[in-house]
Amino acid sequence: RASLSLLPPPANVEAKPLGPDNIRLSWQSAVAEGQPSVPYTVFRDGVPVGSTLNTSFEDRGLTEGTVYRYAVATRAREFAPAGPRSPECEVRTPPDTMPPLLLGARADDDAEHVWLRFSKPVDPTTAGLATNYRIDQGVLVLRAEALAVPALVRLRVSPLTRGATYRLTAGGVTDTAVARNAVPTDSMVTFRADRMVLHYTM
């Protein structure tokens with residue numbers, strides 16, 4: 001059985017951070033124009049992290065402020081062995097400076113709990129402080145709990161009035177980034193205490 005020739009690596013591998021946890025790689029095709037596409041394997045710090053038929057790849061779920069080294073190898077076909085790797089391309093993810101945003105709130109069926117959703121994971125300590133939340137019309141926030149889903153928080157509140165619309169304000173809640181970015185001061189959403197619907201402030 002004839003052995004399968006190993007293809008050379010792609011040229012001009014470049015990496016560009018798209019955010020604190022996201023890097024986009026691009027490179028020049030390893031085959032001539034008009035030839036069928038070939039699969040590429042992407043290596044991060046020497047470990048394969050994905051494959052693609054395109055000449056670009058997006059790597060997600062990274063850590064902010066971290067240096068990563070990427071290389072790309074070409075394969076003659078799917079499941080064929082990877083050829084030699086390209087020279088490594090080094091890139092650093094930027095720090096996370098984006099504050100979490102309070103996206104919405106909804107009242108639970110029991111009218112004694114309110115669920116909050118943020119735009120990104122929040123710090124359980126600051127998100128778990130009842131004093132970081134206020135609800136108008138005399139409603140008391142008795143307890144706050146950061147949930148296993150890191151962007152959700154559940155509040156225990158004094159009984160809500162069915163059908164009433166409330167204004168909830170949050171402050172002092174931070175994210176999990178190194179900088180501990182804080183939710184904008186006096187972030188506010190409204191919600192009704194009658195239906196299991198998430199209300200968003202436009």
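These questions and answers cover the cores and strand pairing of a predicted model.

Me: Which residues have the most contacts inside the largest nonpolar core?
Reply: This core counts 27 residues. Strands β9 (102-107), β10 (113-118), β11 (133-135), β12 (141-146), β13 (152-157), β14 (165-170) and β15 (187-192) each give two or more residues to the core. The residues with the most contacts inside the core are Val114, Leu116, Tyr133, Leu155 and Leu160.

Me: What does Leu155 touch, leaving out residues up to four places away in sequence?
Reply: Contact here means heavy atoms within 4.5 Å. Among its partners are Val114, Leu116 and Tyr133.

Me: Which residue takes a positive phi in the hairpin of β9 and β10?
Reply: The two strands pair in the antiparallel sense over 5 bridges. Between the strands lie 5 residues. The one with a positive phi, near 60°, is Ala111.

Me: Which strands stand at the edges of the open sheet?
Reply: The sheet has 3 strands, in the order β11-β14-β15, with antiparallel pairing. Its twist averages 25° from one strand to the next. Each edge strand has a single partner, so one side is left without a neighbour in the sheet. The edge strands are β11 and β15.

Me: What is the bridge partner of Arg134 in β14?
Reply: β11 and β14 run antiparallel and are joined by 3 bridges. In β14, the partner of Arg134 is Thr169.

Key:
Residues numbered from 1 in each chain as written. Predicted model: local features only at pLDDT ≥ 70, side-chain atom pairs only at ≥ 80, totals over all residues. Heavy atoms only, no water. Core = buried A, V, L, I, M, F, W, Y, C linked by side-chain atoms within 4.5 Å. Buried < 20%, exposed > 50% of the residue type's maximum accessible area, 1.4 Å probe, protein only. Helix = DSSP H or I, 4+ residues; strand = E, 2+ residues; numbered from the N terminus. Pairing = 2+ DSSP bridges. Axes fitted to C-alpha atoms, helices over the stretch in contact; angles between N-to-C directions.
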